Every structure is written in structure tokens, then in C-alpha cells.
Amino acid sequence: MIVVVGDALLDVDLVGTASRLTPDAPVPVIDDAVTHERPGGAALAAVLAASSGEEVTLVAPVGDDEGADRLRALLAGRVQLIEIPATSPTAVKQRIRVGDHSVARLDTGGATTTFGALPAAAAEAIATASAVLVADYGRGTTSAPDVRAALSAARGPVVWDPHPRGADPVPSVRLVTPNGSEAARVAPEVTGDGLAAVGARAEALIRAWGVGAVAVTLGARGALLSYGEGAPMVVPATPVTGGDPCGAGDSFAAAVTVALAGGAVTGEAVTAAVAAAGAFVGRGGATAWDAAPAAAEPTAPDVDALLARVRAAGGTVVATGGCFDLLHAGHVATLRAARGLGDCLVVCINSDDSVRRLKGPTRPLVAAEDRARVLEALEFVDAVVVFGEDTPSAVLERLRPDVWAKGGDYAGADLPESAVLRTWGGQAVVLPYLDGHSTTALVERSRV
């Protein structure tokens, strides 16, 4: 069981359209606004952790008002709620939005929460949890002495997602997850926003708080993980188009906690959390809080979908092929030139068995899966296809490229693939070859 401790909020989006300004002020008129409610703060983090399939308990101050009742209804059936009795009204954050853009935010409920003692059931849940996430939203929960004592006694790993108005983490915390601006506020003596500055801030926070590690989340730049000494680990984020970044920090903290609860080491947990936060933003962010996490996408691009998009736009499909056993400057020159002939480049590579038949039992030096990964990392390669035959004729029949490009000493000669290309009106061409570069020559020189 995972326990989330912190400040539970009610988030409300009022989403409408705007096509005119009011006559009395230069502000938009929002028409036909639709209300969308969702858990916020620690409540959102708890729901996101539960979406992984883990049993999750939320420990948070909850009052006796309409906002609290609406929050309880949103949590029902998703997480177990252990309430710390509160006497102040529930904090409600209302975003007024036009489409995907926020126009204003209205906050009610005051800046802090007044609440009573931590229930014994909550202290027991924290002590026995497989992992604990502290989702601090600066409303006072993490400052309470009995809450801090319970967190210090937790036997599982504790992740602390801090807030500028919140309390310092307890020293027994495994990982603290500030974002870049939060880290900068806590360690103002470090200037700059480069990785060196972020790393220095993380080290300063570890010294100040006495915690095990700090992972500074950097939005589209990913996250930097520091243990206070040695080189930090940087986990780049996968680029995301569009999406709502609201709640991304909660998604990261929830995912890293789930991973630690499952036995992952800290670096593995941070890597998984960066991927989870990117996927969360990509599917709509907090506005899609109740959407099931999408299944992991395959690492290889969908070649058929790629070709369909290019052809629908009237583009030219280019393909090339070879073993690409050790990628060298000659390969790079040919691939770059091939991509310049059209609107996408598909590289067809021989399978390991095919390479052995062509090159002998000592080849390939690099397995097909790794060869494909290296090629896919090149900006001018759009997709890689592995074929098992001795020639690419069959894969060419499937792809039907407009252009088949080969580098080498074929000028003036008919390429073996030309006949296949002609059956659908494609063209085989020869590209200039960078002299003095070949995998075989590299292998022979390495043996000297």
C-alpha cells in the first residue's frame, strides 16, 4: 500500500469560448462555460498513484463543507481516505479557460488549513506503507508535529514533493522532488539556469535538508537527480506536443513513489517518472485526470503510418539499405544525402542472420536491434525496417518507395533493385560515396 500525505484541494475548470470583449472593459466574454471538477493537490497525486493499480490511501485534512463533499465524491472508489478533521473551508481553485488557455484563476478557502490531531489509523498507515508520498501544497499539513513524527517513523521510502510555503522535508526522506523554480528559491545563492547551476542547487538542498537525494524536475528538459556528490544523473524528457502541464509535478511524484514501492532504485524510479509525466501531459494533463494511462507505444515508428502521412501530403518516400554494422562517416554522408531527395527516409537493414550469410560468421559486430536504435537516433532517418532476406526486394515490394538510394561505385551500372522499383514507377539512384570509409576496413584496421 502507498500512502499520500498532504493538502487536498478541489480544482475546478470553467471552460468556454470567447469571441468578443465586454463593452465596459478590455476583457473577454466567456460564453457557454462548462464546469469540470477534479481532485487537486495531494488528492490528485493519490488518484494518479492509484491509476497504476496500486492500493493508495490519502491522509489529508478535510473539512465539513460543500467543497469537501464534492472532493470526497471524486475520490470515492479510487483511493481510501483517512481524514484529519479540519475546521477551515476546503481550498477550491477555479481556472477560467478558453479552450486550452487559462484566462484567470479564482482561489477560495484561505491560504492555510486549520485541523486537528493526526488519527491513529493515519499514523499506522504511514508506518506500514510500502512507500509514502508527501504532496505539500503549503497549507500547513507538513508542519504539524504529529504528522512530521509519523513521517520520520515511516519504514518504507518517503518521497517529498515540496512547496515554497511548505515545511522542510524530514531528514529520513529518500527523495525530494522540487521543480526548477522551487529549487532556485530554496538555494538563492546559486545563480544561472544551466545544468551546472541546477546540480549545485540540488547539492545545496541535500546538505540543507539532510535527505538522501534530490530530483529537480525541469519540465520539457526532464529531470536532474543528485545524491549530493559525484556527477548527477540527467534524464531527458520525451518531447510532447500540446497538452496541459498542470499536474505534471504531481504525476512525476506519484510515478516515482510507485516505482520505489515496487523495489526500483532511485535512478530507475526517476527515469520511469520522467516518462510517466510526459505521457500524462501528452494525454491532456490534469484535465484528463481520470483517463486511463495509455499503453506503452512501441519504440519503433509505425512505418505504414509514416508512409501514409507523407503520401497523403503529396510527398516523396525515399529508402536506402545495407548492413550498417558499424556506423561511420561514409554511412552518415549517404544517409544525409538520401534524406535530401524526399520527405522521409526509411532505412532497410539486414537482419543478423542475413549479415552472417553475406559477411561471414564473425559478423555482425552489432545486433540488429542496436543497429536500428543508432540509426533511428539520426535526425535525418525517419524509420528503420529490418529484413531477413539476402536482398531487400521483398521489403521494397512492401514499402514501394518513390526513390531507392544507394551509395557506392554503382554509377553507370543498373542497380540490382532497379527492376523492382520500375514495377511501380520508382527510381533507383546512386549517391556519391565518401571514399576510404567502410565497415570491413574499420574491422581490419582494428585487428592490426
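This is a predicted model: local features need pLDDT of at least 70, side-chain atom pairs count only at pLDDT 80 or more; totals for chains, interfaces and linings use all residues.
Setting aside residues up to four places away in sequence, Ser-351 touches Arg-371, Val-386, Phe-387 and Gly-388.

Most peptide bonds, by contrast, are trans.

## Overall form

The protein has 15 helices and 18 strands. With a radius of gyration of 28 Å, well over the 22 Å that the globule rule gives for 448 residues, the protein is more spread out than a compact globule. The C-alpha trace spans about 85 × 65 × 45 Å along the principal axes of the protein.

Buried residues account for 47% of the 448 residues, and the protein exposes about 20700 Å², of which carbon and sulfur atoms supply 54%. When contacts between residues at least 6 apart in sequence are considered, 67% of them join residues at least 24 apart.

## The largest pocket

Rolling a probe the size of a water molecule over the atoms shows where empty space is left. The largest pocket in the model has a volume of about 1000 Å³. It is lined by 39 residues, and those closest to its centre are Pro-245, Cys-246, Gly-247, Ala-248 and Gly-249. The elements that give two or more residues to this lining are the strands β2 (8–17), β3 (31–41) and β6 (92–98), together with the helices α7 (248–261) and α8 (266–282).

## The enclosed cavity

The structure holds one cavity of 30 Å³ or more, and about 110 Å³ of space lies in the largest cavity. Which residues lie nearest the centre of the largest cavity? Of the 14 residues that line the cavity, Ala-8, Pro-61, Thr-90, Ala-91 and Thr-113 lie nearest its centre. The lining of the largest cavity is made up of seven nonpolar, five polar and two charged residues.

## Residues with positive phi

Most residues other than glycine have a negative phi. Asp-32 has a positive value, with phi near 55°, and this residue lies in strand β3, one of the elements that give two or more residues to the lining of the largest pocket. Asp-32 counts as exposed, because its relative accessibility of 67% is over the 50% cut-off.

Arg-400 also has a positive phi, near 50°. This arginine is placed in the loop between α13 (393–399) and β17 (403–407). At 39% relative accessibility, Arg-400 counts as partly exposed.

## Two further loop residues

Asp-402 lies in the loop between α13 and β17, the loop that also holds Arg-400. Asp-402 is partly exposed, with a relative accessible area of 32%. Leaving out residues up to four places away in sequence, Asp-402 touches Gly-315, Thr-316, Val-317, Gly-426 and Gln-427. From C-alpha to C-alpha, Asp-402 and Pro-119 are 70 Å apart in space, and 283 residues separate them in sequence.

Arg-221 is found in the loop between β11 (214–217) and β12 (223–226), and at 42% relative accessibility it counts as partly exposed. Apart from neighbours within four places in sequence, Arg-221 is in contact with Asp-193, Gly-194, Leu-195, Val-235, Pro-236 and Ala-237. The C-alpha atoms of Arg-221 and Ala-91 are 31 Å apart in space, with the two residues 130 apart in sequence; Ala-91 is among the residues that lie nearest the centre of the largest cavity.

Note on methods
Residues are numbered from 1 along each chain as its sequence is written. Side-chain values use heavy atoms; hydrogens and water are left out. On a 1 Å grid over the protein atoms alone, a cavity is a set of points where a 1.4 Å probe fits but cannot get out, and a pocket is an open set with protein on both sides within 12 Å along at least five of seven lines; lining residues have an atom within 4 Å of a point. Grid points are joined across faces, edges and corners, and a volume is the space filled by probe spheres set on the points. Helices (H or I, at least four residues) and strands (E, at least two) are DSSP runs, numbered from the N terminus. The radius of gyration is taken over C-alpha atoms; the globule rule is 2.2 Å times the number of residues to the power 0.38. Buried means under 20% relative accessible area, exposed over 50%, partly exposed in between (1.4 Å probe, protein chains only). Contact means heavy atoms within 4.5 Å. Accessible areas come from the Shrake-Rupley method with a 1.4 Å probe; for residues, only the protein chains shown count as cover. Ala, Val, Leu, Ile, Met, Phe, Trp, Tyr, Cys and Pro count as nonpolar, Asp, Glu, Lys and Arg as charged, and the others, Gly among them, as polar.
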